[in-house]
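Hello,

I am passing on the structure we talked about, and I hope you enjoy looking through it.

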Amino acid sequence: MIVRILGEGQYDLSDDAISALNDLDAKVEAAIEAGDDAAFHGALATLLDGVRTAGVPHDADSLDSSDLILPMADASLAEVRDMLDDDGLIPG
Amino acid sequence: MSMWQRISLIFRSKANKALDRAEDPRETLDYSYQRQLDLLAQVRRGVADVATSRKRVELQVNQLQGQADKLQGQAEQAIKVSREDLAREALTRKSGLTQQIADLKTQQAQLQGEEEKLTLAQQRLSAKVEAFRTRKETIKATYTAAEAQTKINEAMSGIGEEMGDVGMAIQRAEDKTAQMQARAGAIDELIASGALDDQSQLNRGDDIARELESMSSQSEVEAELARLKGGSAPAAIEPGGDILEEETKTPAASETQDPT
């Protein structure tokens, strides 16, 4: 699977790695829903590190779409909320 | 649905909405390629803008650092002439500047970070745009309009995602730079208006310098007086130099000369 970290690029990850990281993704989401800023930053950093460690950079000159997309490392909770909202900050 | 699935779905639908569909789908390739080149130019400008802001902050750091060094020098000078009050005043003003310098250095580091991010974004987009250009030519050469659609969709969604990502990076860098520029502008105005100088050197700051100067001129006056008084004595035709030397430099000179 291809995972993109916004602002960083794409990584190739095995399905096993993805399912292992799903728990971390859920933690990030829980923190967003709880509006818990500290937990959010911690969980996001752990998740992104997990992707970087388990993944290998995807070919720079490929035109493949990502299967999963993650926020940038320095995203704020509010920004990610906006991203999850359809009218969010992702420019058309 | 998990967070990363939701973000990728939303991202994809935005990218798709942004596509202009031409009657011959192969024309959309050219149109999209043009937009990619525009975006690439925009990232390059973004990198240059952030670099300009960073340099401006660097310049301010240097200016304020110069003022802080000057105050430090004044404090040392004041201590040599046993004016602890003046030294204290100089150091107090310096500590105000030190805070400001630290703040500016933080901004400088942030701008540096944004600059690096945008430079990397530019490299990534550049690689994809080049790949798209090659793919575009292949598609146009080997497929009929009807056959081309799937290939085009693949290429477009891949590049669309990258463009969305880079677009966000530019926007974020611009937002951050704009905030910092407002603050940098305020500091430039302060420097220009002399309000900061007030804190450090020219006007209020100079009162330290003035006082130090007046002390040395006082001792010169004393020396002159002593010379004049001595002048009434027969032996004192040229003795003033010695007394002047001694009097003007008294405590200060003895400390400066310590190391020798």
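**What I found**

R172(B) sits in helix α4 of chain B, residues 145–193; helices here are DSSP runs of H or I with at least four residues, strands are runs of E with at least two, and both are numbered from the N terminus. Please keep in mind that this is a predicted model, in which local features need pLDDT of at least 70, side-chain atom pairs count only at pLDDT 80 or more, and totals for chains, interfaces and linings use all residues. Residues are numbered from 1 along each chain as its sequence is written, chains are lettered from A and ligands numbered from 1 in the order in which they are written, and side-chain values use heavy atoms, with hydrogens and water left out.

Back to R172(B): with a relative accessible area of 12%, this residue is buried (buried means under 20%, exposed over 50% and partly exposed in between, with a 1.4 Å probe and protein chains only). Its side chain makes a polar contact of 2.9 Å with that of D74(A). A polar contact is a pair of N or O atoms within 3.5 Å; within protein, one must be able to donate a hydrogen and the other to accept it, and residues adjacent in sequence count only if both atoms are side-chain atoms. Leaving out residues up to four places away in sequence, R172(B) touches M72(A), D74(A), A75(A) and E79(A), where contact means heavy atoms within 4.5 Å.

E79(A) is also one of the buried residues of α3(A), together with L77(A), V80(A), M83(A) and L84(A). These lie on the same side of α3(A), because they cover an arc of only 160° around the axis, taken from the directions from the helix axis to the C-beta atoms.

In α1(A), A31(A), I32(A) and E33(A) meet L77(A), V80(A), R81(A) and L84(A) of α3(A). The residues of this contact divide into five nonpolar, no polar and two charged (Ala, Val, Leu, Ile, Met, Phe, Trp, Tyr, Cys and Pro count as nonpolar, Asp, Glu, Lys and Arg as charged, and the others, Gly among them, as polar).

As for chain B as a whole, it has seven helices and zero strands, and 38% of its 260 residues are buried. One more residue to look at is S82(B), in the loop between α2 (25–80) and α3 (84–142) of chain B. S82(B) has a positive phi of about 55° although it is not a glycine, and it counts as exposed at 59% relative accessibility.

Best wishes
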